[in-house]
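Student: I have a new structure to read. Could you take me through it one feature at a time?

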Amino acid sequence: GYVRRRLCATTHWTQGTVTSLVFSPHGHLLISGDEKGSILVWDLSNGSHTATLSNHTDTVTSLAMSREGGTLISGGMDCLVNTWDMAFVVDNCETELANEDVLINMSKTKNSPVLHLGTTRKNLIMGVGNYSSFDKI
């Protein structure tokens with residue numbers, strides 16, 4: 001449909017190869033992570049790029065959303081797990097966002113890249129998987 005064509009036409013906005021994707025629970029947003037460490041927020045109603053989140057220094061390998069859509073969790077090859085305030089992102093998508101405004105928490109694994117993230121239904125536990133172990137943050 002229209003959104004698919006629009007997103008395909010705007011892929012020049014990405015800074016690198018897309019390495020992870022997640023939809024918001026309500027289906028209004030698509031969030032992509034790339035090999036340069038950027039997280040791009042896309043508005044699916046019109047296919048536009050609305051915000052860029054940047055705190056990773058290497059490939060973003062995993063993205064997860066809370067059930068209500070207010071929180072985004074990102075993990076990467078830089079061993080970081082970031083928690084983002086998506087409600088603030090959505091409310092301020094027309095302005096340049098500073099990390100201190102939208103980054104809720106930053107954690108680091110024990111020198112292992114983050115390959116997968118997950119949350120429980122109640123958003124109580126976040127799991128971080130890597131090549132050889134499972135860390136709970």
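Student: Let us begin with one residue. Where does P25 lie?

Tutor: P25 sits in the loop between β1 and β2 (29-34). Helices (H or I, at least four residues) and strands (E, at least two) are DSSP runs, numbered from the N terminus. Bear in mind that this is a predicted model: local features need pLDDT of at least 70, side-chain atom pairs count only at pLDDT 80 or more, and totals for chains, interfaces and linings use all residues. Residues are numbered from 1 along each chain as its sequence is written, and side-chain values use heavy atoms, with hydrogens and water left out.

Student: Is P25 buried, exposed or partly exposed, and what is its relative accessible area?

Tutor: Buried means under 20% relative accessible area, exposed over 50%, partly exposed in between (1.4 Å probe, protein chains only). P25 has a relative accessible area of 41%, so P25 is partly exposed.

Student: Which residues does P25 touch?

Tutor: Contact means heavy atoms within 4.5 Å. Not counting residues up to four places away in sequence, P25 touches M65, S66, R67, E68 and G69. Look at G70 too: P25 and G70 are 45 residues apart along the chain, and their C-alpha atoms are separated by 9.5 Å.

Student: Now the overall plan. How many helices and strands are there?

Tutor: The protein has three helices and 11 strands. Along the sequence, the pattern reads α-β-β-β-β-β-β-β-α-α-β-β-β-β.

Student: How do I read a sheet?

Tutor: Strands of a sheet pair through backbone hydrogen bonds, either parallel or antiparallel. Here, two strands pair if DSSP finds at least two bridges between them.

Student: How many bridges join β3 to β4?

Tutor: Six bridges join β3 (residues 38-43) to β4, and the two run antiparallel. S38 stands opposite S54 in β4.

Student: What is the order of the sheet that contains β5?

Tutor: That open sheet of four strands runs β5-β6-β7-β8, with antiparallel pairing. β5 (60-65) and β8 (103-108) are at the edges with a single partner strand each, so one side of each has no neighbour in the sheet. Its twist averages 15° from one strand to the next. Five bridges join β7 (residues 80-85) to β8. V81 faces S107 in β8.

Student: What about the inside? Which residues have the most contacts in the largest nonpolar core?

Tutor: A nonpolar core is a set of buried Ala, Val, Leu, Ile, Met, Phe, Trp, Tyr and Cys residues joined through side-chain atoms within 4.5 Å. The largest has 16 residues, and I31, I39, L53, L72, M86 and V89 have the most contacts inside it. Elements giving two or more residues to this core are β2, β3, β4, β5 and α2 (86-91). β5 gives the most, with three residues. Another core, of five residues, lies apart from it; among its members are A64, I73, V81 and V114.

Student: What does M86 touch?

Tutor: Not counting residues up to four places away in sequence, its contacts include L29, I31, V41 and L53.

Student: How much of the protein is buried?

Tutor: Buried residues make up 47% of the 137 residues.

Terms used. Axes are lines fitted to C-alpha atoms, for helices over the stretch in contact, and angles run from 0 to 180 degrees between N-to-C directions.
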